[in-house]
Amino acid sequence: MKITIFGVGLIGGSLALCFKGKPGITVVGHSIFPEEVQKYIDRHVVDIATTSMEEAASDADFIFLCVPVGKLASYLQQLSQMTLKEGCIITDVGSTKASIAACAKQTDLQNVTFIGGHPMAGSERSGVEAASSILFENAYYVLTPEENVSEEAYTRLADLLQHTRAQIVRVDPKQHDDIVGAISHLPHLIAVALVNQVRQYNENNTLYQSLAAGGFRDITRIANSDPYIWRDILLNNKDVLLKLLQDWNGQVESFIDILKREDGEGIVQEFSQAGAFRSQLPERRKGMITSLYDVYINVPDTPGIIGRIATELGNHELNLSNLQIIESREDVPGVLRLSFRNEKDWDRAQQLLPTLGFTAYV
Ligand SMILES: NC(=O)c1ccc[n+]([C@@H]2O[C@H](COP(=O)([O-])OP(=O)(O)OC[C@H]3O[C@@H](n4cnc5c(N)ncnc54)[C@H](O)[C@@H]3O)[C@@H](O)[C@H]2O)c1
Ligand SMILES: O=C(O)C(=O)C[C@]1(C(=O)O)C=C[C@@H](O)C=C1
């Protein structure tokens, strides 16, 4: 099976790493930039790398378009002029879905199927250097097939994407853009605006920068994202964002009003409602931060206990992907969450922990 990836950056590179080395799969990476192609080879991210679009596309069973949103239509047009393998599935990873769906409808794609896609995982970093095989683990991966897409083609793509360990979800393209506008595009815009506001204050007093602690850093990490990738996303989802920004103005106005009226109860209510909603967000949405393979154990509050557990797991070659103390108060047992990368380690940990005197909960 030949899988071709156009644009082997953060997302394309992460997909390549999920597929590369799997039995029967050859991963081909394409870039229009010769220096990028060399990087793909040096980093062993793909099996074959090329600047030739024809070489990359011909005979491919799957084609992933992982270039900026503003370039997707032109790639689809170019592919429609080529002779592709019959049954080939073309998909993309763009952060907006309505415009590429409309473009696919208008494009004469013969004997091949287009299915829009968007993995809901990423990072503020970019380029193949930032690619990771576990980027999509436990994240949602949206697919937006139109009515003309056969179940067979959809299932073939969904099956291939099992290699990402993401959870596949089918969404209408327009609905996707409304929702993702609110939970991804608007937050990026707000983060950038907030950083720029503080940047201006900082020009006269660099203490702003020095004192910026957890709160500012937590809410602004994504302001470091690639400007050109985000230019394309925001312009492409302009109509949705203009509406969302109006609603955002409403939120700002409401806080102005609350503060002017010194309405303490109003502030408490805003925080309480927000906190209640936020704590309901499913943990797996955090992508690579959390694992599906968690085991919980009660641990006594004694020195060295965590070290002992980690050592025992290590001695049994059980690889921890994360470890977290969920609650720890004096004289009260804490709850330790142990996360594993795969089901096999997860099962073995559940067998081992009781032999060490811990009851394992999943
Ligand atoms: N960054 C994220 O968190 C994230 C998450 C999900 C989906 N996406 C989407 O994935 C796609 C790729 O984003 P990324 O974060 O991997 O970016 P990236 O910058 O890491 O990779 C972009 C790739 O496209 C290539 N490219 C850049 N400009 C090009 C041009 N003018 N013509 C042809 N190729 C060009 C680059 O060489 C690179 O290989 C975008 O459509 C983005 O919306 C991004
Ligand atoms: O975690 C991040 O840094 C991201 O920005 C990832 C994120 C998001 O907003 O959640 C960004 C763009 C995508 O299209 C999908 C995911």
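This report walks through a predicted model, from its confidence scores to a ligand site, a helix residue and one more helix.

## Ground rules

Local features here need pLDDT of at least 70 and side-chain atom pairs count only at pLDDT 80 or more, while totals for chains, interfaces and linings use all residues. Residues are numbered from 1 along each chain as its sequence is written, and chains are lettered from A and ligands numbered from 1 in the order in which they are written.

## Confidence

The protein chain averages a pLDDT of 93, with 95% of its residues at 70 or more (pLDDT being the predictor's confidence in each residue, from 0 to 100). Over residues 285-290, though, pLDDT is below 50.

## Around ligand 2

Ser95, Met120, Ala121, Gly122, Ser123, Glu124, Ser184 and Ile222 sit around ligand 2 (C-beta atom, placed from the backbone, within 6 Å of it). By class, that shell holds three nonpolar, four polar and one charged residues, with Gly counted as polar, Ala, Val, Leu, Ile, Met, Phe, Trp, Tyr, Cys and Pro as nonpolar, and Asp, Glu, Lys and Arg as charged.

## Ala98

Ala98 belongs to helix α5, residues 98-106 (helices are DSSP runs of H or I, at least four residues, numbered from the N terminus). Ala98 counts as buried because 20 other C-beta atoms lie within 10 Å; the cut-off is 20 or more.

Thr144 is 46 residues from Ala98 in sequence, yet their C-alpha atoms are 9.1 Å apart.

## Helix α12

Helix α12 covers residues 264-278, and its 15 residues should span 21 Å at 1.5 Å a residue (1.5 Å times one less than the residue count). The end C-alpha atoms are 21 Å apart, which agrees. The number of buried residues in α12 is zero, so this helix lies largely in the open.

Technical notes
Contact = placed C-beta atoms within 7 Å. Helix = DSSP H or I, 4+ residues; strand = E, 2+ residues; numbered from the N terminus. Buried ≥ 20, exposed ≤ 12 C-beta atoms within 10 Å, placed from the backbone.
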